[in-house]
Amino acid sequence: MSIIILGIESSCDDTSAAVIRDGILASNVIASQKVHEEYGGVVPELASRAHQQNIVPVVDAALKRAGIDKHDLSAIAFTRGPGLLGSLLVGTSFAKGLSLGLDIPIVDVNHLHGHVLSHFIRKEEGDAVPEFPYLCLLISGGNSQIILVKSPSDMEVLGQTIDDAAGEAFDKCAKVMGLPYPGGPHIDRLAAEGDASRFKFAKPRIPGLNYSFSGLKTSFLYTLRDNLKTDPEFIEKNKADLAASLQATIIDILLAKLKKAVEITGVHTVAIGGGVSANSGVRNAVADYCKRNGLTAFIPERAFTTDNAAMVAIAGYFKYLDKQFCEYDAAPYARVQV
Ligand code: KG4
């Protein structure tokens, strides 16, 4: 009999549902919330309400696209955290209700594990997946971590940011440039037309495998402030070069520690995950570095870099195989480590 997992993701501002059948993706539906655009960031209360509106049609669409009747499901996997509590409550409660109605188990998923395991989302049997152990550079709006992935349930954080995450560096610098939220994709787009060697920004000197991005952010702000004194149109005139130089600095910082982690561990497979892994410069730099050093790179499809239920379903599938089910008194958590 097939193992069919319904995944539900509602940790931030995307409502998503996906179906994985025997480890192969059957559907992945994402409803993004436009309501936050005018506020320059996600408004938690509005996000919860939008999840409440979206969850039933999104799950329904995921089942229909997969050609699955809900009575054929083996289990329901849901993101328990980290994320916005009000948003997580919608997915958690929905998963519990549906599982009670169908009399099937629920599996709770750590959203970060979902990003790390997103490389196991296969569209067909022959698709390549990483071999254990592999290194995962998890870069998102809230995290910048280098993780040694020994198995789907055994992950060791080798290094992480001591202040801002890479995504925050993109978003905060983009905000002061007057770009819409989230700024990362806008910097990516502008950087393609800019000169990355034009501006020099501070790089951290943090020992070990930890990251820091707050110094870069400050030096970016100072560059803008100093130049705006003499030229009020400095940002407008130089936005492509500013974006390209910022992106190149972030990539340098990310790659320096990743290379160090490869040297220390001797691991030959490198993966990236999380929203910032959608960045063209990051993707090229990691692919390039791996190619030059005989390493195997896993660069996720862009649809699986940001929040999606396919990664929740695959992480849930692994836990289901291990019979790691969740109790009905499980409450969501806002913060959690890998
Ligand atoms: O993993 P994710 O969807 O969720 C959170 O951690 O909240 O990551 C979102 C982050 C944001 O900071 C966004 O600006 C960044 O991913 N991001 C990008 C790109 N696409 C998304 N950053 C740089 N370049 C991109 N193309």
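Predicted model: local features only at pLDDT ≥ 70, side-chain atom pairs only at ≥ 80, totals over all residues.
Colleague: Happy to have the model open! How are helix 1 and helix 2 oriented to each other?

Modeller: Good place to start. The axes of helix 1 (residues 44-66) and helix 2 (residues 85-102) come within 8 Å and cross at roughly 30°. Angles under 35 degrees count as roughly parallel. Helix 1 and helix 2 are therefore roughly parallel.

Colleague: Is the crossing of helix 1 and helix 2 left-handed or right-handed, and how many charged residues are in their contact?

Modeller: Helix 1 passes helix 2 in a right-handed crossing. On the helix 1 side, the contact is made by Ala-47, Ser-48, His-51, Gln-52, Ile-55, Val-56 and Val-59, and on the helix 2 side by Gly-86, Ser-87, Val-90, Gly-91 and Phe-94. These residues divide into six nonpolar and six polar, and the number of charged ones is none: no charged.

Colleague: What about helix 5 and helix 7, how do they lie to each other?

Modeller: Their axes are 8 Å apart and the two helices pack at an angle of about 110°. Since 65 to 115 degrees counts as roughly perpendicular, helix 5 and helix 7 are roughly perpendicular.

Colleague: And how many charged residues does the contact of helix 5 with helix 7 have?

Modeller: Helix 5 brings Ile-187, Asp-188, Leu-190 and Ala-191, while helix 7 brings Lys-239, Ala-240, Ala-243, Ala-244, Leu-246 and Gln-247. Sorted by type, the residues of this contact are seven nonpolar and one polar, and the charged ones number two.

Colleague: On to charges. How many salt bridges are in the whole structure?

Modeller: Side chains of opposite charge can pair when their charged atoms come close. Four residues, Asp-164, Glu-168, Lys-172 and Lys-217, are linked in a network of salt bridges. For the whole structure, the search finds 17.

Colleague: Which residue does Asp-241 pair with, and where is that partner?

Modeller: In this salt bridge the closest N and O atoms are 2.7 Å apart, and the partner of Asp-241 is Arg-198. The pair links distant parts of the chain, 43 residues apart, with Asp-241 in helix 7 (residues 234-265). Asp-241 counts as buried at 17% relative accessibility, whereas Arg-198 counts as partly exposed at 39%. The partner, then, is Arg-198, in the loop between helix 5 (184-191) and helix 6 (214-230).

Colleague: Arg-122 forms a salt bridge with Glu-125; is Arg-122 buried or exposed?

Modeller: The closest N and O atoms of that pair are 3.5 Å apart. Glu-125 is exposed, with a relative accessible area of 60%. Buried means under 20%, and at 18% Arg-122 is buried.

Colleague: How far apart are the closest N and O atoms of Glu-156 and Lys-150?

Modeller: Glu-156 counts as partly exposed at 36% relative accessibility, and Lys-150 counts as partly exposed at 35%. The two form a salt bridge, and their closest N and O atoms are apart by 2.9 Å.

Colleague: Last one, I promise! How far apart in space are Arg-21 and Ser-74?

Modeller: Arg-21 is in strand 2 (residues 14-21) and is partly exposed, with a relative accessible area of 37%. Leaving aside residues up to four places away in sequence, Arg-21 touches Ser-2, Ile-3, Ile-4 and Ile-68. Arg-21 and Ser-74 are 53 residues apart in sequence, and the C-alpha to C-alpha distance is 9.5 Å.

How values were computed: Residues numbered from 1 in each chain as written. Heavy atoms only, no water. Axes fitted to C-alpha atoms, helices over the stretch in contact; angles between N-to-C directions. Helix = DSSP H or I, 4+ residues; strand = E, 2+ residues; numbered from the N terminus. Parallel < 35°, antiparallel > 145°, perpendicular 65-115°, else oblique. Left-handed = near helix turned anticlockwise from the far one by under 90°. Contact = heavy atoms within 4.5 Å. Nonpolar A, V, L, I, M, F, W, Y, C, P; charged D, E, K, R; others polar. Salt bridge = Lys/Arg side-chain N within 4 Å of Asp/Glu carboxyl O. Buried < 20%, exposed > 50% of the residue type's maximum accessible area, 1.4 Å probe, protein only.
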